[in-house]
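Colleague: I would like to learn how to read a model like this one. Please take me through it one feature at a time.

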Amino acid sequence: MAASSYVHAAHRRRPSTGRAVAVLLLVAVAAVVPLFGPAAVLDGTGEAEAPGTPGITFLRTVLFAALCVQAGEIFVRRLARRVPGAPASVPPGWGWWAAAAGCVAALGLASVVASGNLVPHQPSDLDVGGLYQSRDGRLALLEVNAFVVAALCARSRRPDSAVLPLAAVVVAEALRAHPATEDTPLVGSGLTLVHLTCATLWAGGLLYALRTLRRWRTTAPEAGVAVLGLYARVAAVLFAAITATGILSTLRRMPPDTVTDQLTDTAYGRTLLAKVLLVAVVAVLALLARRRLKRSAAAGSLTAYAPARAEVVVLGAVVAVSALLTAVPLPIRW
């Protein structure tokens, strides 16, 4: 009897240990990529590193992660409502904390814009009024205000209403990434809008789907597997859209006859290559989880969890590398 109790106790501890390891890995990725990523991808390219690139990369990592967490919760909560017999009890929302973190990151990015795209060292370096006079400044203020509204929505009786301010953040990021001086900026913004929306739902949705599966593992394991299955079907469409828009955006940035050289000779190309490789790993883990999920509801609830959790960790790395991609110099159009 004592041995049996020990086995059950060990079984209960393993998921908690795995979750702690996953969190530590995500934190490590969030710190390592901004700190060492810029120097690594710029080494030997002859390109100059912009002032404050590591800090800007970190702030964008936090902003993108906050967007993923809150949007993913809204997305999967709506999927869960379609599952017959799903429990009313759902995982506690992280939306407020995510929105608060996103607001702080957006404020940090706005301060960089207010100081002429330089890292401010003292309050006198900031020209807050100038934010209203430039396109980048207005977009930065829009993101700050959108996260404030998203935080208020998360605390309200209708947390799903945060979808509107979060959509505003996505639109602002899409416009910011393609200034008016670029060729066909609206086309680029449209591609980025679809790409970022789908990536946000993919990464954030998986996190909340796994939290839901864990929450219902004893009370309604079949419902938890059903939620993960619904997410998996939508995620396949999201992945297709991410791949298509990513390819088109790459061809806009780098003409087809220069892609091979720029993937290894420019910081943008190296970062993009790292992102592609990480997404390939995510795709393999996703296929493994889906295959295990299809075997049976009972087995899927246990066997699909491990590769799906690893998928979340790698997606965290993708988010950090995507943030780095926005901070390195744009590729050269030869």
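Colleague: What should I know before reading any values?

Modeller: This is a predicted model, in which local features need pLDDT of at least 70, side-chain atom pairs count only at pLDDT 80 or more, and totals for chains, interfaces and linings use all residues. Residues are numbered from 1 along each chain as its sequence is written, and side-chain values use heavy atoms, with hydrogens and water left out.

Colleague: How many helices and strands does the protein chain have?

Modeller: Helices (H or I, at least four residues) and strands (E, at least two) are DSSP runs, numbered from the N terminus. Here the protein chain has eleven helices and zero strands.

Colleague: What percentage of the residues count as buried?

Modeller: Buried means under 20% relative accessible area, exposed over 50%, and partly exposed in between, with a 1.4 Å probe and protein chains only. Of the 334 residues in the protein chain, 47% are buried.

Colleague: Where is Gly-72 found, and what is it in contact with?

Modeller: Gly-72 belongs to helix α2 (residues 53–80). Gly-72 is counted as buried because its relative accessibility is 0%. A contact means heavy atoms within 4.5 Å. Leaving aside neighbours within four places in sequence, Gly-72 contacts Gly-204, Gly-205 and Tyr-208.

Colleague: How many aromatic pairs does the structure hold?

Modeller: Rings of Phe, Tyr and Trp (its six-membered ring) pair if their centres lie within 6.5 Å; planes under 30 degrees apart count as stacked, over 60 as edge-to-face and the rest as tilted. The structure holds three such pairs. Trp-202 and Phe-239 are edge-to-face because their planes are at 65°, with ring centres 5.5 Å apart. This pair links distant parts of the chain, with Trp-202 in helix α6 (residues 185–215) and Phe-239 in helix α7 (residues 221–253), 37 residues apart.

Colleague: Is Trp-202 buried or exposed?

Modeller: Trp-202 is buried, at 5% relative accessible area, whereas Phe-239 is partly exposed at 29%.

Colleague: Which residue lies over the face of Trp-94?

Modeller: A charge sits over a ring if NZ of Lys or CZ of Arg is within 6 Å of the ring centre and within 35 degrees of the ring normal. Arg-211 lies over the face of Trp-94, 3.7 Å from the ring centre. Likewise, Arg-77 lies over Tyr-208, at 6.0 Å from the ring centre.
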